[in-house]
Amino acid sequence: MSKSARPKRYALILAGGSGQRFWPISRDAQPKQLLKLFGDKTLLELTIERLEGIVPKENILILTNKQQEATVRTIVKSLPAENIVAEPEKRDTAPAIALAVGWVVARDPMATMIVLPADHLIENKAEFQRVLNNASQAAENSGNLVTVGIKPTWPCPSYGYVERGRKASIGGVDDQPVWEVARFREKPNPDLAEHFIAQGNFLWNAGMFIWTIPAIFSELSRHCPVLADFVSELRGSKDFAATVAKQFGKLPKLSIDYALMEKATRVLNIEATFDWDDVGNWTSVGRYLKCDDDGNQHNCALSQQEASNNIVFAQTGQHVALLGVQDLIVVASKDGLLVADRARAENIKKLVDGLPQELR
């Protein structure tokens, strides 16, 4: 396909989710993608910036929820107001993606669509764009759904996995291998995750998808017709917002993996060659902070004696002093203070469930 004939490209950024793992900085109305954890920009802003040059800003859709919509609109000033859409209620990723397909198909039924989470940290923009361009080319030239997989660095039981099959031959994609997906695997137990890693043909499923609109609509029609009907209704609607408000809550709660990717006729995979971090908890953030000789990771002024391997994050610029403590997470916000065992970072979301409602 010549460059001049290449389909227009659109992007969906999924920016919902809860704000539990990063309490007290995060709240239900301000989850991690809306936080400035790595400088003066939020993860959502960084996600938008990474698309610069491959997807026009007017073709970027941000899908959030009612609770976070106001904050998203405050943060994102570079996109048209109508490009920020709030789901009327949470229905999982399959209905969310169908909503976005309807939004795109009403504008260009032959477009290519890229789906990205808003809360990943990726620093190598050039390599990220190279992979997305190759994945888009593979989707356009094959007519198949394409995923981007992450090479595992450890046997993580918290991610879904993509099992790669044979190498695919796709014209026009010369500088990066494309593989057929043998199957998608749900989050494994630790022993099975070890087995996946040992086999060498498993990647983490990062929730990045690329497809053409004809391809995704065809697969939805075949495997999840209720979502295909929703897309068709959106395409023909004279009032997009009213149709979403009326119909979205009636859709089944399904993940895109279960509703479609596991059943699709043929799915292709490209391995990410860029850095990637889903920043799952405070220990992930700690890796990007300043670190003293005793392993204390911090974003603020820190004094310490006989303290080691602590994470300290102060949102309001406090000077923090540590004495005789090890392996703690200490996070201070304007109205909350967290002191936790570093090894129990994943349990912070359970702690948040027991907090007063005004602090969630």
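Where is the place of Gly17?

Modeller: Gly17 sits in the loop between strand E1 (9-14) and helix H1 (43-50). Before going on, keep in mind that this is a predicted model, where local features need pLDDT of at least 70, side-chain atom pairs count only at pLDDT 80 or more, and totals for chains, interfaces and linings use all residues. Residues are numbered from 1 along each chain as its sequence is written, and side-chain values use heavy atoms, with hydrogens and water left out. The helices (H or I, at least four residues) and strands (E, at least two) are DSSP runs, numbered from the N terminus.

Back to Gly17: its relative accessible area is 39%, so it is partly exposed (buried means under 20%, exposed over 50%, partly exposed in between, with a 1.4 Å probe and protein chains only). Gly17 and Asn65 are 48 residues apart in sequence, and their C-alpha atoms are 8.4 Å apart in space.

Now for the charged pairs. The whole structure has 16 salt bridges (a side-chain nitrogen of Lys or Arg within 4 Å of a carboxyl oxygen of Asp or Glu). One of them joins Arg183 and Glu163, at 2.8 Å from N to O. Arg183 is in strand E7 (residues 179-185) and Glu163 in strand E6 (residues 161-167), so this bridge ties together parts that are 20 residues apart in sequence. Arg183 is partly exposed at 43% relative accessible area, while Glu163 counts as buried at 13%. Glu163 and Arg183 also belong to a network of salt bridges with Arg185.

The next bridge pairs Glu180 with Arg166, with the closest N and O atoms 3.2 Å apart. Glu180 is in strand E7 and Arg166 in strand E6, 14 residues apart, and the pair links distant parts of the chain. Here Glu180 is buried at 17%, whereas Arg166 is exposed at 61%. Glu219 is buried at 8%, and Arg222 is partly exposed at 48%.

On to the rings. There are twelve aromatic pairs (rings of Phe, Tyr and Trp, its six-membered ring, with centres within 6.5 Å; planes under 30 degrees apart count as stacked, over 60 as edge-to-face and the rest as tilted). Phe128 and Phe274 have ring centres 5.3 Å apart and planes at 70°, so they are edge-to-face. Phe128 belongs to helix H4 (residues 125-142) and Phe274 to the loop between strand E9 (267-271) and helix H10 (282-286), so the pair ties together parts 146 residues apart in sequence. Both of these residues, Phe128 and Phe274, are buried. Phe230 and Phe248 make a tilted pair, 6.2 Å centre to centre with 55° between the planes, and both Phe230 and Phe248 are buried. There is also an aromatic cluster made of Phe22, Trp282 and Phe313.

Some rings have a charge over them (NZ of Lys or CZ of Arg within 6 Å of the ring centre and within 35 degrees of the ring normal). Arg107 lies over the face of Trp103, 3.7 Å from the ring centre, and the charged end of Arg164 sits over Trp179, 4.4 Å from the centre of its ring.

The search uses a 1 Å grid over the protein atoms alone: a cavity is a set of points where a 1.4 Å probe fits but cannot get out, a pocket is an open set with protein on both sides within 12 Å along at least five of seven lines, and lining residues have an atom within 4 Å of a point. The largest cavity is lined by Arg50, Leu116, Pro117, His120, Ile122, Phe128 and Met208, so Phe128 from the edge-to-face pair turns up here again. The second largest pocket has 21 lining residues, and the closest to its centre are Ile25, Leu35, Lys36, Phe313 and Gln315. Phe313 is the residue from the aromatic cluster with Phe22 and Trp282.
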